[in-house]
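Please read the following points beside the sequence and the coordinates. They are set out as a colleague's note, with each cut-off given where its term comes up.

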Amino acid sequence: MFEALNIHVSLAGKEVLRGVDFRAYPGQITAIVGPNGSGKTTLLRALTQETAYTGSITLGGDDIAVLPGWKLAARRAVLPQASRIAFPFTVYEVVRLGLLAGAEAAQDTRVSDALARVGLGGFEGRYYQELSGGEQQRVQFARVLSQVWEPQGDDGPKWLILDEPVSSLDISHQLEVMNVLSRYAHAGGGVIAVMHDLNLTAMYADQIAVLSGGRIMKQGAPRDVLTEALLSETYGCTLPVGVAPSGDAPFILPQAASLR
Amino acid sequence: MSVFGLSVLLLLTSIASLNAGASGTSVWSVLSQALQGEAISAQDRIILFDIRIPRLLMGILVGAALAVSGAVMQGLFRNPLADPGLVGVGAGAGLGAITAIVLGGALPLALQQSLGYFAVPVAAFLGGWASTMILYRISTHRGRTSVAVMLLGGIALAALTGALSGILIYMADDAQLRDLTFWGLGSLAGATWDKIWLAGPLILLALAATPFLARSLNALALGEAPAAHLGIPVQRMKNISILSVAAAVGAAVAISGGIGFVGIVVPHLLRLMIGPDHRYLLPNAALLGATLLLAADIISRTVIAPAELPIGIVTACLGGPFFLWILLRNRSLLDL
């Protein structure tokens, strides 16, 4: 379990997270949603130690603040929101960086496997800088996948922590990436993702944490969390919630005239 | 181009360097004298062993130090235009040398005598080291080094050291001015075994540390946070990088003056030839840096023979336009 208890984060004197309790379980996709400025990315940065926090964050019972970096790197991989690379590295070289975290002895096929899994088979020799934004995002996703390739290891489940993993992808690639995450979770790994698209989140997430004003408004299963009352309060606009035609996932249909 | 190919190129350039010069002495003539059991003439021995071989070794050491330091700094700053000059090593070393040339006479006589002609190199090295340390302190806050603060701090520090150097130059007499000009232009002409013993160990130690940085520098291309997420001890590798660069460049500038652009040109050429992977970039940069500096030195010795052109002028003439070319090619990629 990835557990954060009573997390406070202040940036430039302003309290951005105000006592957040957050739990994510292996075998599930846990999504973090909320309006702009609600603290989603800050929470993710606390979970990945990119920002200073007070409170406790544990991974499988181990305090992440005292785990050595290389041990942590073998148990969780982090996908940043956008990534520029300084030098003309090839796609192969970028994905292979994921193997630095203890898996350098792994067969070279893992790079190709990871690329194939994100729909970029055959891109090995291309230059990263020359790809489109969406392709770059998928290359980074492949790198992160190669870092924690097996969803379960000797130290327990492995984790993917992702900041808006589908933000610059077209709809078919959004589904492709979400399917990869879903399979990873079902194989026993843990997935934590900051998401913007509520419908995609409703379709794929097992748990949703709704953040607003630096606090968790609610965390639970999609149908318990994605209610018209909670969403309207959180986002400040009326968001009617129905049921998706294909199943029992909630479905949110924004309305042009729904601003209060 | 491989490590083997570049090694052969360096060997050939080294032989050419030993043969180049105003006198007729060459490796071949000395070798044939030795093989025929003849005594090597005193003139040949002095030219080869006291002038050309020290000069060759100094060229190799300085060229390798500047090129590898350039590659390390560019990896650290994630910017193909970063150069050791940017972190203030060059400006600080310059101030140290100028101080020694202009104010050296004011030191107690005993100290003057014991330092001898080491005074300028020692002062240059101390200046480079001190300015790097000051800049590093400025830009490191709570254990994190900010690249932006470091770049801007480098500009401020260069302005300050430049002003202090200007005051000293204003105070200098004619003989000192001539020394200053030649030191500032950069040259391998003053190569001696003493200087090699002074700078060589420091440069070799710094170069020996860089292979351990290669994988970390590759990861750092993704950014500091992603590198840390891959388990790279980012802060430690930054410290080692900065210390290595300060040592290598400080020592190189101390014995050879201001030789510019090797640190920019060599890594850039290599990235075009073999790609940006630092595991291959760093050793190849040492070889190509040494080769190019020896080639520039041969040009500087022969183009207006029997007089010599300071090598800094040669590298600047070749490197300046090259730098602009890189700048124009990368204009869209640089978000500075």
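1. Strand 1 (residues 2–11) and strand 4 (residues 54–59) of chain A run antiparallel and are joined by five bridges; strands here are DSSP E runs of at least two residues and helices are H or I runs of at least four, numbered from the N terminus, and two strands pair if DSSP finds at least two bridges between them. Within strand 4 of chain A, the residue that stands opposite A:H8 is A:T54.

2. This is a predicted model, in which local features need pLDDT of at least 70 and side-chain atom pairs count only at pLDDT 80 or more, while totals for chains, interfaces and linings use all residues. Residues are numbered from 1 along each chain as its sequence is written, and chains are lettered from A and ligands numbered from 1 in the order in which they are written.

3. The open sheet of four strands in chain A has the order 2-1-4-5, with antiparallel pairing. Its edges are strand 2 (14–24) and strand 5 (62–63) of chain A, each with a single partner strand, so one side of each is left without a neighbour in the sheet.

4. A:N6, which lies in strand 1 of chain A, has a positive phi of about 55° although it is not a glycine. A:N6 is partly exposed, with 13 other C-beta atoms within 10 Å, where buried means 20 or more such atoms, exposed 12 or fewer, and partly exposed in between, the C-beta atoms being placed from the backbone.

5. A:E164, also a residue other than glycine, has a positive phi near 50°, and lies in the loop between strand 9 (159–163) and helix 6 (171–186) of chain A. A:E164 is buried, with 20 other C-beta atoms within 10 Å.

6. Chain A as a whole has nine helices and 14 strands. Its radius of gyration is 18 Å, close to the 18 Å that the globule rule gives for 260 residues, so chain A is as compact as a globular protein of that length; the radius is taken over C-alpha atoms, and the rule is 2.2 Å times the number of residues to the power 0.38. Buried residues make up 45% of the 260 residues in chain A.

7. Between the chains, 21 residues of chain A are in contact with 19 residues of chain B, contact meaning that the C-beta atoms, placed from the backbone, lie within 7 Å. Helix 2 of chain A gives the largest share of the side of chain A that touches chain B, namely four residues.

Technical notes. Two residues are in contact if their C-beta atoms, placed from the backbone, lie within 7 Å.
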